[in-house]
Amino acid sequence: KLYSTPYINQYKLKLFETNKVKDEFRNKINEVFDATRLLYRLNEHMEVERIFDKSTIINDLEDAIGNVQEPGLKDLLEEAVNLFRKPKPSMNSLAIEKIWDAFERMKSLFGKDKKTSTQLVIDKISANQVDFRNLLDEEFKTLTMIGNNFQIRHYETPKIPIVDENHRDYLFNRCAALILLGLKFLNQANN
């Protein structure tokens with residue numbers, strides 16, 4: 001017992017530093033998460049994280065990050081995915097900020113003039129399909145507008161707050177899906 005009052009008791013849990021004990025403890029905690037149908041797990045670093053078994057976007061994005069050549073983009077994507085896996089809603093807000101930073105970074109991969117670079121990125125992703133190029137052009141503009149108008153990267157008073165966790169998940173996945181598509185084509189171009 002660390003601290004005690006008539007209303008509060010605090011205990012310190014000490015795990016033995018053996019892999020066997022840690023593995024047993026992690027398995028027991030994960031059994032509790034499974035039994036209660038909570039979408040969390042205790043990972044090998046003894047951190048609780050959200051599970052995304054049904055989300056192929058997160059898993060595919062994680063797989064694609066290893067092939068990213070540009071270090072800044074790679075770091076932003078890794079940080080976004082790691083933050084998004086955290087169970088705290090405040091971490092989701094940071095994850096959205098990082099995924100949007102990665103989106104902006106991807107738009108500037110082909111030079112300092114972001115508009116020209118964005119058009120080159122869209123050209124590569126569209127694979128010379130005019131209708132798909134038009135669709136992607138609109139999606140890039142829409143995501144840019146969302147990033148500028150909502151509290152994603154900027155928090156001035158006129159920006160629209162994202163209060164609901166489901167909205168944060170939707171925006172993260174929408175942006176991540178476009179980045180994932182982009183990575184597939186941009187990595188092919190680099191190989």
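Predicted model: local features only at pLDDT ≥ 70, side-chain atom pairs only at ≥ 80, totals over all residues.
Numbering runs from 1 along each chain as its sequence is written, and side-chain values use heavy atoms, without hydrogens and water.

**Whole chain.** I found seven helices and four strands. These are DSSP runs, numbered from the N terminus: H or I of at least four residues for helices, E of at least two for strands. Along the sequence I read β-β-α-β-β-α-α-α-α-α-α. Of the 191 residues, 34% are buried (under 20% relative accessible area; exposed is over 50%, partly exposed in between; 1.4 Å probe, protein chains only). The accessible surface is about 12300 Å², by the Shrake-Rupley method with a 1.4 Å probe. Carbon and sulfur atoms hold 53% of that surface.

**Helix 4 on helix 5.** I looked up helix 4 (residues 89-107) next. Its axis lies 7 Å from that of helix 5, at an angle of about 90 degrees. Axes are lines fitted to C-alpha atoms over the stretch in contact, and angles run from 0 to 180 degrees between N-to-C directions. Helix 4 is therefore roughly perpendicular to helix 5 (65 to 115 degrees). Glu104, Met106 and Lys107 of helix 4 meet Lys114, Ser117, Thr118 and Val121 of helix 5. I sorted this contact into two nonpolar, two polar and three charged residues. Nonpolar covers Ala, Val, Leu, Ile, Met, Phe, Trp, Tyr, Cys and Pro; charged covers Asp, Glu, Lys and Arg; the others, Gly among them, are polar.

**Helix 5 on helix 6.** Then I followed helix 5 (residues 114-126) to helix 6 (residues 130-149). Their axes come within 9 Å and cross at roughly 135 degrees. From helix 5, the residues in contact are Thr118, Gln119, Val121, Ile122, Asp123, Ile125 and Ser126. Helix 6 contributes Phe132, Arg133, Leu136, Asp137 and Phe140. I sorted this contact into six nonpolar, three polar and three charged residues.

**Phe150.** I ended in the loop between helix 6 and helix 7 (165-190), where Phe150 sits. Phe150 is partly exposed, because its relative accessible area is 24%. Beyond its neighbours within four places in sequence, Phe150 touches Lys159, Ile160 and Ile162. Proline 161 is 11 residues from Phe150 in sequence and 6.0 Å away, C-alpha to C-alpha.

Conventions: Contact = heavy atoms within 4.5 Å. Parallel < 35°, antiparallel > 145°, perpendicular 65-115°, else oblique.
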